Amino acid sequence: MGEQTHNSASLNAGIDLSQFFQVFFEEAGENLEQMEQMLLAIDVEAAGDEELNAIFRCAHSVKGGAATFGFTDVAELTHQMETLLDKLRRHELAPTAAMVDVLLESGDALKAQLARHQGNGAEPIETAELLDAIRALVEGPAAAPPRAAPAPAAAAPTAPTAPATPAARPGTRARVLTVGPLQDPQQAEALFELFREIPDLGSIDAVDGGQAADGLRRFRIITATPDAELLDLCTFHVAREHLRLEDAGAGYGFFPGSPGAPAPAAADPGYGFFDDAPGAPAAAAAAASPVPAPAAATPAPVAATRTAAPKAEKAAANPESSTLRVSVEKVDQLINLVGELVITQAMLAQNGKGVDSALYQQLSAGLADLERNTRDLQEAVMSIRMIPMSMVFNRFPRMLRDLAGKLGKKVELVTQGEATELDKGLVEKITDPLTHLVRNSCDHGIELPAERAAKGKPETGTVTLVASHQGGSIVIEVRDDGRGLNRAKLIAKARERGIDAPDSMSDQEAFALIFAPGFSTAEAVTDVSGRGVGMDVVKRNITALGGTVEIDSAEGYGMTVRVRLPLTLAIMDGMSVGVGEECYILPLSSVVESFQVREGMVKTIGGSGRVVEVRDEFMPVIDIERVFDVPRFDFERVSNIMVVVEAEGGRVALLVDELLGQQQVVVKNLEANYRKVDDVSGATILGDGRVALILDIGALVRRSRH
Amino acid sequence: MHSILAVDDSASMRQMVSFTLKNAGFNVVEAVDGQDAYEKANSRDFNLVLTDQNMPRMDGISLTRRLRENPKFKSTPILILTTESSDQMKQAGRAAGATGWLVKPFDPTKLIEVIGKVIR
């Protein structure tokens with residue numbers, strides 16, 4: 001991270017505004033994200049007031065913050081967007097697809113500007129074209145011709161005088177520019193040109209419609225450029241003697257007579273008190289300040305005609321609850337500490353077992369409380385890190401829209417289960433693989449509209465994203481109704497690449513070939529063209545997270561990629577089982593049942609394979625002792641407990657010596673501390689300080705299939 | 001010590017306002033929108049309400065109107081923070097019973113200055 005583009009100049013009244021930047025950046029980011037979602041969802045033909053208001057509010061909110069914290073370029077662009085959105089929500093303009101496009105593009109530019117202010121070292125963002133495009137839309141088709149009026153000296157050569165750094169600049173403030181009286185009021189319009197041509201000058205707005213009764217035109221300017229310079233620039237269009245620049249920092253006022261309003265001395269323009277409003281200081285009414293006066297003078301008409309629309313805005317539902325922002329590090333530290341606490345609690349519980357509970361009744365009760373509280377605490381802390389899948393899904397509508405546009409395809413995105421929660425760390429890591437899958441679906445799965453029509457499918461293809469909880473995992477599916485995979489071609493392709501692919505493969509195994517490293521079908525058969533690009537990376541990333549990927553497909557009808565991930569990486573409920581002197585942990589979510597083996601239950605098939613019959617269902621038996629070569633010193637004992645576990649759609653029975661109990665375990669990554677071990681997903685520290693391996697049930701199930 | 005209810009749906013603005021006010025020696029309670037503010041205002045007393053105009057759920061003008069309905073807030077100064085200082089806004093503010101307005105963006109010095117005029 002480089003330095004923020006801001007510098008110490010943001011000191012203001014002894015308060016360093018830069019301390020609020022981070023919050024502003026995050027908040028602006030969220031607002032832009034939300035705005036993008038809404039813009040993508042909007043139906044141009046029938047945009048509701050509520051939607052338009054909500055979109056307006058996003059731009060409005062970003063503008064307010066940007067102006068306050070001195071990010072002039074951001075304020076300028078959002079200001080224009082807001083102007084357009086304001087007209088939309090007031091139904092002065094009807095939304096068009098072109099508007100949505102420009103607003104989306106502006107959103108991108110804003111994100112880039114914000115990233116720059118956060119110090120990504122990028123070049124200044126060029127927004128002149130966008131600003132023009134928005135202005136053109138604001139003026140509407142009708143307004144275009146009369147626009148020819150701009151001033152004689154519309155000359156842009158003044159531009160170079162403006163400082164070229166659009167970084168947020170110190171000294172950003174609001175000014176009121178009074179122009180006139182002019183022979184030709186149109187002359188003042190040229191001032192808009194000025195602000196359009198000079199990047200970074202700031203924003204200009206006509207105050208009160210720009211047409212005051214006194215023939216003077218008032219503009220509100222937000223700028224960081226010094227007054228003298230600003231006036232010099234304006235004189236290109238309007239004679240100096242007709243210009244008056246005032247401190248709009250006035251920017252406040254009281255309504256005379258309103259509750260609490262001060263005595264009239266405060267004639268500072270830019271704020272005001274309302275007369276006879278409750279709390280307004282008694283005498284106030286007399287010397288009404290310049291601003292409130294016209295307010296009172298131009299009564300109802302303006303207000304009456306327009307207030308109806310803005311009223312609606314309070315209806316827009318965005319139930320933001322109070323939230324607290326903390327850094328992820330703090331949360332992680334908390335989780336680590338809780339993890340340690342869980343281990344300590346487990347140790348105490350273990351040691352406490354040896355204590356005579358009759359003699360130490362209170363101690364036992366205390367230990368029981370400790371266990372319960374630890375568990376609650378742990379759950380509460382873990383939930384802090386859980387965020388909804390919508391955080392990932394939200395990025396896709398935009399991506400698909402752009403991609404489909406580029407490819408000349410029609411694609412619709414459907415998402416389900418956005419509220420499903422997942423650990424933040426996982427969300428971050430799953431985003432890239434999912435992006436790849438969605439992109440692949442659109443790029444290689446969905447056919448061109450004509451091709452689809454020829455096949456009798458609807459021209460618009462559908463990509464569906466589904467997230468759901470299943471046991472201790474989250475399952476994310478990426479489905480498309482495109483061309484699907486061709487088994488024979490996949491197998492042929494694999495052999496060509498020297499990948500072992502027997503004809504006896506199941507469909508699932510054949511489809512899984514596209515995950516094989518080197519299985520790039522880039523210039524291959526049309527049906528699967530490009531499907532394999534980077535899929536091995538996708539698979540590797542998901543496996544690294546403790547997840548699995550499966551593919552289902554029907555040629556001509558589409559395909560489904562199913563990603564299964566653990567909910568969280570840090571802590572899980574485990575069942576501990578003993579084999580010989582060793583203790584192993586099974587994820588409780590995968591345990592189905594357990595029973596004692598009786599004679600005759602286990603049958604040997606095909607020489608080495610053993611199966612056990614459980615309620616008319618045969619399942620493979622896996623002897624943990626053999627899998628891990630557990631040394632056995634007590635030959636009297638044999639494994640005679642079966643634990644049925646389930647994973648990846650298959651069940652196996654694990655043969656163990658004994659069931660030791662259930663407990664929460666803190667998962668320690670084995671790969672990070674040692675290396676990858678087959679059939680093991682991690683390790684944990686037991687109450688007595690020993691290390692126990694956590695079994696990878698998925699791997700064991702796969703082992704049984706071979 | 002004077003208590004101020006600061007209402008804004010933008011977290012950064014809220015923090016900035018709140019920090020500034022606390023720095024100036026005021027007691028500050030924050031609310032995230034008009035509805036939240038209205039509920040908080042009913043549970044305790046404030047010497048001043050400082051509210052943003054454009055917010056979800058309930059805007060500043062509606063909040064002002066509702067607070068004025070409550071005898072407790074009959075004479076409490078209420079200032080509206082707004083990005084537009086149009087006559088229209090002022091009409092609405094006056095009609096709702098607001099004490100005054102302050103145009104955004106403002107700097108901390110200005111905020112304290114304006115507040116100093118209504119809290120004595």
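1. Buried residues account for 39% of the 706 residues in chain A. The model is predicted. Chain A holds 22 helices and 26 strands. Take contacts in chain A between residues at least 6 apart in sequence: 63% of them join residues at least 24 apart.

2. Helix 19 of chain A spans residues 535-544. Its buried residues are A:Met535, A:Val538, A:Lys539 and A:Ile542. Note that a lysine, A:Lys539, is on that list. Viewed down the axis of helix 19, the buried residues fall within an arc of 95°, so they line one face of the helix. An α-helix has 3.6 residues a turn, so residues three or four places apart point the same way.

3. Check the backbone after helix 19 of chain A. A:Gly546 follows the helix, and its phi is positive, near 80°.

4. A:Val355 deserves a separate look. This residue sits in the loop between helix 11 (328-352) and helix 12 (361-385) of chain A. Why does A:Val355 count as partly exposed? It has 13 C-beta neighbours inside 10 Å, and a residue is exposed at 12 or fewer and buried at 20 or more. Leaving out residues up to four places away in sequence, A:Val355 touches A:Tyr360 and A:Leu363.

Note on methods. Residues numbered from 1 in each chain as written. Chains lettered and ligands numbered in written order. Predicted model: local features only at pLDDT ≥ 70, side-chain atom pairs only at ≥ 80, totals over all residues. Helix = DSSP H or I, 4+ residues; strand = E, 2+ residues; numbered from the N terminus. Contact = placed C-beta atoms within 7 Å. Arc of directions from axis to C-beta.
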